[in-house]
Amino acid sequence: LNGQAIIITKKEKTQDLQLPCNIIKPPVVQVLPQIVRLPSPPLVNMVRQPITVRNNGTAPVKVISAECTDPRIKVEKTEGSPGKFYTVTIEVPQGFAPDPAKQTMLTITTDYQPNSVYRIPIVAIAPPQPPMSQPAMMTP
């Protein structure tokens, strides 16, 4: 929703203030982050990453399960505020490198309808590439 708010100053020789406004209604169930980015593989240290599941609606929502496609990644869910807020924490072990043949995915299942399943990709950031050297220029 886009709009404009006008603040009337009522001060002589002072213009009213016009402020543009944007209102974004969050989804009923919000899962953040929507993608987990890991450092370049293999991981030097173990990584713990919390993923929050927030219920912005009025009816309670329950996280039924949280699973990862890669069995090396541990998944733990905790309920912060019953029916309103959950934390799903993944623990990625030291030395981890994702399997390039398949995508690593965290799947969170809730009892919310119509969208009960949320898939969060887990990706490793590619290591920086060394700069390409340019051939030396010869001057006559």
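Predicted model: local features only at pLDDT ≥ 70, side-chain atom pairs only at ≥ 80, totals over all residues.

Me: Is Lys13 buried or exposed?

Reply: A residue counts as exposed when its relative accessible area is over 50%. Lys13 has a relative accessible area of 83%, so the class for Lys13 is exposed.

Me: Which loop holds Lys10, and what is its relative accessibility?

Reply: Lys10 is found in the loop between strand E1 (2-7) and strand E2 (17-22). Lys10 is not a glycine and has a positive phi of about 55 degrees. Lys10 counts as exposed, because its relative accessibility is 79%.

Me: Which residue is joined to Pro42 by a cis peptide bond?

Reply: Most peptide bonds are trans. Pro42 lies in the loop between strand E4 (36-38) and strand E5 (47-55). The cis bond there has an omega of about -10 degrees, and the residue it joins to Pro42 is Pro41.

Me: What is omega for the cis peptide bond that joins Gln113 and Pro114?

Reply: Pro114 is found in the loop between E9 and E10. The bond joining Gln113 to Pro114 is cis, with omega at about 20 degrees.

Me: Is Ser116 buried or exposed?

Reply: Ser116 lies in the loop between strand E9 (104-110) and strand E10 (117-124). The cut-off for a buried residue is under 20% relative accessible area. Ser116 has 17%, so the class for Ser116 is buried.

Me: How many disulfides does the model have?

Reply: A disulfide requires a pair of cysteine sulfur atoms within 2.5 Å. By this rule the count is 0.

Me: Which classes of accessibility do Cys21 and Cys68 fall into?

Reply: Cys68 has a relative accessible area of 18%, so Cys68 is buried. Cys21 is at 29% relative accessibility, and its class is therefore partly exposed.

Me: How many helices and strands does the protein chain have, and what is its radius of gyration?

Reply: The protein chain has 0 helices and 10 strands. The globule rule gives 14 Å for 140 residues, and the radius of gyration is well over that, so the chain is more spread out than a compact globule. Along its principal axes the C-alpha trace spans about 70 × 70 × 25 Å. The radius of gyration is 24 Å.

Me: What percentage of the contacts between residues at least 6 apart in sequence join residues at least 24 apart?

Reply: Of the 140 residues of the protein chain, 25% count as buried. Among its contacts between residues at least 6 apart in sequence, the share that joins residues at least 24 apart is 56%.

Me: How many Å apart are the mean positions of the positive and negative charges?

Reply: The protein chain has 14 positive and 9 negative charges. The distance between their mean positions is 4 Å.

Definitions and conventions. Residues numbered from 1 in each chain as written. Heavy atoms only, no water. Buried < 20%, exposed > 50% of the residue type's maximum accessible area, 1.4 Å probe, protein only. Helix = DSSP H or I, 4+ residues; strand = E, 2+ residues; numbered from the N terminus. Rg over C-alpha atoms; globule rule 2.2 N^0.38 Å. Contact = heavy atoms within 4.5 Å. Lys, Arg positive; Asp, Glu negative; His and termini not counted. Charge placed at Lys NZ, Arg CZ, Asp CG, Glu CD.
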